[in-house]
Amino acid sequence: MRIGYSMWGFLGNGILDTPDGARSFRRPLIDALIASGHQVVFLQANRDLIEAGEDLRDSYRWDDGLPDLDVLMLEWRWRLRGRNDTPCGSAGHTCDLHRQRALLEHYTRSLGLATLIWDLDRQLDPRDTLRTRPNVAVADFALRQVPGVITLPCPVPDVLLDTADPLTLAAEDRPTSLIYVGNQYDRDLAFSRYFAPAAVRVSHEVAGKWANTRQWPHVTFTGRCAYSDVAAKHRQALATMLLMPPRYAAVGAMSSRLFEAVTAGCLPLAPAELALAGVFVPAELRVASAAEVLERVELLRRIQGSAQHADLIRACLTLYRANTHRTWRELLFRESEA
């Protein structure tokens, strides 16, 4: 199929000042679609070239027009006041929302083209009439879904799962006991309950955009890090907290933070608020309080490098393969056969 793919992000490392979490899986996903025989054309601006100076045009195609397509796939964009709802050409304007509207009007509404809205941030209005169109499918990461929405779990690149060896990962030196790599957005409640109290007692780091941190003066915030440094930070850490905004935790909508940590041997601790936590982590890594976070971290420090440590890493990798990775592989194989 000829797939038009709309995304406001990067295929490569991108730039430092961006919240584009999909970088960890977007390029491998596109490569898998191409390897399955599909043609993919990107329909938004080539930010890799324009902003990051990385020229990927020998491997991928961008088109700012309206090329012939069989399917339109959108990583859903929503209104950001003062940024993408301002006049084109004005200071600070980004044209992602305008372009998305033009694509929907041409392909989805006028031509009736099959359209997949991948609502990665769960921002599509529940009342949006796009949901009722027969040629539109809506999908997001949530495992606990409302009727009419498809569960597409966060995909993980094959190479990360294939090269993650539990014994090797368990044997690595991990000076940081507890880490979180990600931005603050709507995570204050979980952070205050689980991470911040534990940070008083253990070595830790919080990397990402955290603008309001006055209530946690004892926590070490290191600011945004380059995407290329994310794996290295996790490989230096024993454990991470799966800090989820309430609207994600309540429906079991897991982001790339899980596989980024697990494939680096950094064990994920799942808070009690995370729905269907057993899909993501074994029982030994579920916590209901900061005291339990400390207990788990202290246990992991005691068993670090042992067969028991490697078994926990292996259990996380096995759960990922069984419950999320399989979904995407089956989808790709089924579509390529069709």
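**Entry 1: the largest pocket**

I began with the helices around the largest pocket: helix 1 (23-35), helix 8 (246-249) and helix 9 (257-262) each contribute at least two residues to its lining. I note that the model is a predicted one. I then asked which helix gives the most to this lining. It is helix 1, with 3 residues.

I looked up the volume of the largest pocket next and found about 1200 Å³. Its lining consists of 48 residues. Nearest the centre of the pocket I recorded Pro19, Asp20, Gly21, Asp121 and Tyr185.

**Entry 2: the overall fold**

I turned to the protein as a whole and counted 11 helices and 13 strands. I then checked the radius of gyration, which is 21 Å. For 338 residues a compact globule would have a value near 20 Å, so the protein agrees with that expectation. Along the principal axes, the C-alpha atoms fill a box of roughly 60 × 45 × 40 Å.

I asked what share of the 338 residues is buried. The figure is 51%. For the accessible surface I noted a total of about 15300 Å², and carbon and sulfur atoms account for 52% of that surface.

Among contacts with a separation of 6 or more, 69% are between residues 24 or more positions apart.

**Entry 3: backbone angles**

I next went through the phi angles. Most residues other than glycine have a negative phi.

I located Asp186 in the loop that runs between strand 8 (176-181) and helix 6 (188-199).

I asked where Leu276 lies. I found Leu276 in the loop between strand 12 (267-271) and strand 13 (286-287). I then checked the exposure of its side of the record: Leu276 has a relative accessible area of 38%. Buried means under 20% and exposed means over 50%, so Leu276 is classed as partly exposed.

How values were computed. Residues are numbered from 1 along each chain as its sequence is written. This is a predicted model: local features need pLDDT of at least 70, side-chain atom pairs count only at pLDDT 80 or more; totals for chains, interfaces and linings use all residues. Side-chain values use heavy atoms; hydrogens and water are left out. On a 1 Å grid over the protein atoms alone, a cavity is a set of points where a 1.4 Å probe fits but cannot get out, and a pocket is an open set with protein on both sides within 12 Å along at least five of seven lines; lining residues have an atom within 4 Å of a point. Grid points are joined across faces, edges and corners, and a volume is the space filled by probe spheres set on the points. Helices (H or I, at least four residues) and strands (E, at least two) are DSSP runs, numbered from the N terminus. The radius of gyration is taken over C-alpha atoms; the globule rule is 2.2 Å times the number of residues to the power 0.38. Buried means under 20% relative accessible area, exposed over 50%, partly exposed in between (1.4 Å probe, protein chains only). Contact means heavy atoms within 4.5 Å. Accessible areas come from the Shrake-Rupley method with a 1.4 Å probe; for residues, only the protein chains shown count as cover.
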